Amino acid sequence: MEKQHKSLLKKFHTLLGKAGVNEDGKREILASYKVVSSKDLTAYELLQICDRLEGLISPSKQEVDKWRKRVMAAIGSYLRAMGYEENRSVIYSIACRASGVENFNKIGVERLRSIYNAFNHRRNDIKRVNDISLQLGIKREDLGMLN
């Protein structure tokens, strides 16, 4: 645990330099966590700060994270519309199969956008079919998988 804390401290100070945060800025960050020294921060607090600093350095990481979350939500919503149980591993595997990539975190932003739109369109189609069938008096059971 102490080894991890040292590693995070090193990362924290490296990111401060890359982000161009001076000594006053560092003191403000530490003061917001009610500590005087970075050594007094917990590993969790260091992780939080490092994530924010990385976001300042490379906004593209935030962009990718945003699209990953959107894809997860879109696939989860699609699974619910289909009446399937959803969980993180199922969502990851569906996204990987849809993109042709073996690791969810390796899917690029453009591909994430495409997958997001595809699953949102599919979910909307399912909703429209369900609405039409209700208007026609068709029971959900008669539609098979379309719940």
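Author: Let's start with a term: a salt bridge is a side-chain nitrogen of Lys or Arg within 4 Å of a carboxyl oxygen of Asp or Glu. Everything below refers to a predicted model.

Reader: Thanks! What makes the contact of Glu63 with Lys66 a salt bridge?

Author: The closest N and O atoms of Glu63 and Lys66 are 3.3 Å apart. The cut-off is within 4 Å, so the pair qualifies as a salt bridge.

Reader: Where do Glu63 and Lys66 sit relative to each other?

Author: Both belong to helix α4 (residues 59–82), three residues apart, which puts about one helical turn between them. Residues three or four places apart point the same way, because an α-helix has 3.6 residues a turn.

Reader: Why is Glu63 called partly exposed?

Author: Its relative accessibility is 26%. Buried would need under 20% and exposed over 50%, so Glu63 falls in between and counts as partly exposed. Lys66, at 35%, is partly exposed too.

Reader: And what makes Glu110 and Arg113 a salt bridge?

Author: Here the closest N and O atoms are 2.5 Å apart, and because the limit is 4 Å, the pair counts. Glu110 and Arg113 are three residues apart in helix α6, about one helical turn.

Reader: Is Glu110 buried or exposed?

Author: Exposed: its relative accessible area is 58%, and the term applies over 50%. Arg113, at 26%, counts as partly exposed.

Reader: Which residues are linked in a network of salt bridges?

Author: Glu63, Lys66, Glu110 and Arg113 are linked in such a network.

Reader: How many salt bridges does the rule give?

Author: The count comes to nine.

Reader: Back to α6, then. How does the reach of the helix compare with the span expected at 1.5 Å a residue?

Author: Helix α6 (residues 109–136) has 28 residues and reaches 41 Å from first C-alpha to last, close to the expected 40 Å. After α6 comes Gly137, with a positive phi near 85°.

Reader: Which residues of α6 are buried?

Author: Among them are Val109, Leu112, Ile115 and Phe119. The label means under 20% relative accessible area.

Note on methods:
Residues are numbered from 1 along each chain as its sequence is written. This is a predicted model: local features need pLDDT of at least 70, side-chain atom pairs count only at pLDDT 80 or more; totals for chains, interfaces and linings use all residues. Side-chain values use heavy atoms; hydrogens and water are left out. Helices (H or I, at least four residues) and strands (E, at least two) are DSSP runs, numbered from the N terminus. The expected span of a helix is 1.5 Å times one less than its number of residues. Buried means under 20% relative accessible area, exposed over 50%, partly exposed in between (1.4 Å probe, protein chains only).
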